[in-house]
Amino acid sequence: MSKKVAIIGSGVSSLASAVMLKEAGIDFVIYEKESQLGGKIKTEYINNFTIEAGPDSYLPEKFWSVQLIKKVGLEEEMLCSNDEHKGTFIYSNGKLHPLPEGVMLMVPTMIMPLLKSSLISWPGKIRMGLELFIPPKKDDSDESLAQFVTRRLGRECLEKIAEPLVAGIHTSNPDNMSVKATFPRFIEMEKKYGSLIKGMVQAMKNKPAPQQNAKKMTYFMSLKKGMEQLVEACKKFIGEDRIITNKQVVSITKDNAKFIIKTNDNFEDDYDYIIAGTPSYTTADIIKGFDPDLAKLLSRIEWSSSATISLAYKRDDINVDLKGFGFIVPKIENRRINACTWSSIKWSYRSPDDHILIRSFVGGGHHEELVNEGDEKLVDIVREELRDIVGIKAQPVLSKVYRWYNGMPKYTVGHLERIQEIDNYLKKHPGLYLIGCSYKGIGIGDCVKSGFDVASKIINNL
Ligand SMILES: Cc1cc2nc3c(=O)[nH]c(=O)nc-3n(C[C@H](O)[C@H](O)[C@H](O)COP(=O)(O)OP(=O)(O)OC[C@H]3O[C@@H](n4cnc5c(N)ncnc54)[C@H](O)[C@@H]3O)c2cc1C
């Protein structure tokens, strides 16, 4: 009898597994509790605006996302950012300052732009330059991002660049964010080159020249119809007959080598393989009946909540110059938004030509409590902040608020050790696999990789 596979959840990691299993001709079924697939990937089309509720891009550097896009036939739909407008601004002391040219993530790689920068004070610039001479850490223990950056590049770099830019990606607090789990590349550079600046400069030199006839890529990429286009293409590729929506898995139990799935409507079925693409706290809840210790470990992964607020304006109503792709706000500024993207400047196809679409972020590592405010209040907060920071006084013609309660896992110090422990527990349950943003990378590329890796294991087993 052929082996049965169940995939729980339909986030991008689950969809990646499903696409690969489908390609290999292996039978499976997806259980999704919502009526729609895609988890955090959600795009809404309203009055010719394309509004992203969750992720608005993927990094082609993490090539698994591009592999998935190609597998489901979307190569021609890949969308570069409008890099003629490229640039990040940082709000500091009442003004927007350009992130100095050559700063890669948080590491300066060019001297002149840093020296000329209005963002960093002279002592701060000198401290950043001294990174070249600071000896690497001797032991392998984990550190928080804050400890790491302060040790290497100084406090000002942490507060004005690393916190909003680097911790911001994780909507996390750098004081307890594991540098090993979130930016292992920095640790490798420190070890190999003795300095992040030297390591980053070397990495830029080693970057392979783009192949002739290769598709043009920008650092951030999207899809012409928004990120949900990927979900729709996966759905078509997988086939609707393998997808059950509005079906919440409430428990998994074990009967010898079989796993028994129970859903909220008391439906039961048994499987040889389970791929759980649900957030760690949900997976903990589902499996607690047959392995309470593993469930306890999973529930130790912490999560943060955030909201995205998209506002659309008539272009003529905005009397200020919107520079770059948007701006980020350091926590020390104590403002109520963390970041803001000029969505229709960064991307084509996001708004009618005579309008502008702007997306702001609230919560995460800054004032997480604001996520609980009502839609109207959140729109008011964002409007007040945009008025104070950028000078936008106009009335938006459209507003959309999306909340992501427990939407982003926090990879706190010790995360990798916890993941190792989880992996050890999983050895007791061959056939049970955990994938998705909770474990080994939050970005779409890493999630896709987790889905591909598990699908390959199952394909090899079968
Ligand atoms: C606001 C925001 C912006 C982001 N921006 C970016 C970005 O620009 N680029 C980037 O690379 N990443 C970004 N991310 C991160 C990235 O989007 C996520 O990490 C990724 O999409 C998570 O995918 P996943 O496969 O882990 O599952 P999820 O998307 O979390 O999906 C899990 C699925 O499981 C389902 N489910 C839950 N419980 C059950 C149950 N009991 N039974 C059945 N189904 C269940 C859920 O309904 C959901 O569909 C962003 C995240 C957020 C929140």
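Two strands pair if DSSP finds at least two bridges between them. Helices (H or I, at least four residues) and strands (E, at least two) are DSSP runs, numbered from the N terminus. The model is predicted, so local features need pLDDT of at least 70 and side-chain atom pairs count only at pLDDT 80 or more, whereas totals for chains, interfaces and linings use all residues. Residue numbers start from 1 along each chain as its sequence is written.

Strands S12, S13 and S14 form an open sheet in the order S12-S13-S14, with antiparallel pairing. S12 and S14 are the edge strands; each has a single partner, so one side of each has no neighbour in the sheet. On average, neighbouring strands are turned by 25 degrees against each other, direction ignored (axes are lines fitted to C-alpha atoms, for helices over the stretch in contact, and angles run from 0 to 180 degrees between N-to-C directions).

## Bridges and hairpin turns

Six bridges connect strand S12 (residues 249-255) with strand S13 (residues 258-263) in the antiparallel sense.

The hairpin of S13 and S14 has four residues between the strands, and Asn 266 in its turn has a positive phi of about 65 degrees.

## Helix H10 and its cover

Helix H10 (residues 228-238) is mostly covered, with eight of its eleven residues buried (20 or more other C-beta atoms within 10 Å of the residue's own; exposed is 12 or fewer, partly exposed in between, with C-beta atoms placed from the backbone). The buried residues of H10 are Glu 228, Gln 229, Leu 230, Val 231, Ala 233, Cys 234, Lys 235 and Ile 238.

The elements that cover these residues include H1, strand S3 (43-46), helix H2 (64-71), strand S10 (221-223) and strand S11 (243-244). Just after H10, Gly 239 adopts a positive phi of about 95 degrees.

## Surroundings of Leu 322

Leu 322 lies in the loop between S16 and strand S17 (326-328). Leu 322 is partly exposed, because 19 other C-beta atoms lie within 10 Å. Apart from neighbours within four places in sequence, Leu 322 is in contact with Trp 342 and Ile 345 (C-beta atoms, placed from the backbone, within 7 Å). The C-alpha atoms of Leu 322 and Thr 341, 19 residues apart along the chain, are separated by 10.0 Å.

## The ligand shell

Among the 36 residues around the ligand, Gly 9, Gly 11, Gly 39, Pro 55 and Gly 436 come nearest (a residue is near if its C-beta atom, placed from the backbone, lies within 6 Å). Helix H1 (12-23), strand S16 (302-314), strand S20 (398-410) and helix H16 (444-461) are the elements that each give two or more residues to this shell.

## Domains

The domain assignment of the chain gives domain 1 (5-36 + 230-290 + 429-461) and domain 2 (100-206), with bounds from an automatic or database domain assignment. The C-alpha centres of domain 1 and domain 2 are 37 Å apart.

Methods: Contact = placed C-beta atoms within 7 Å.
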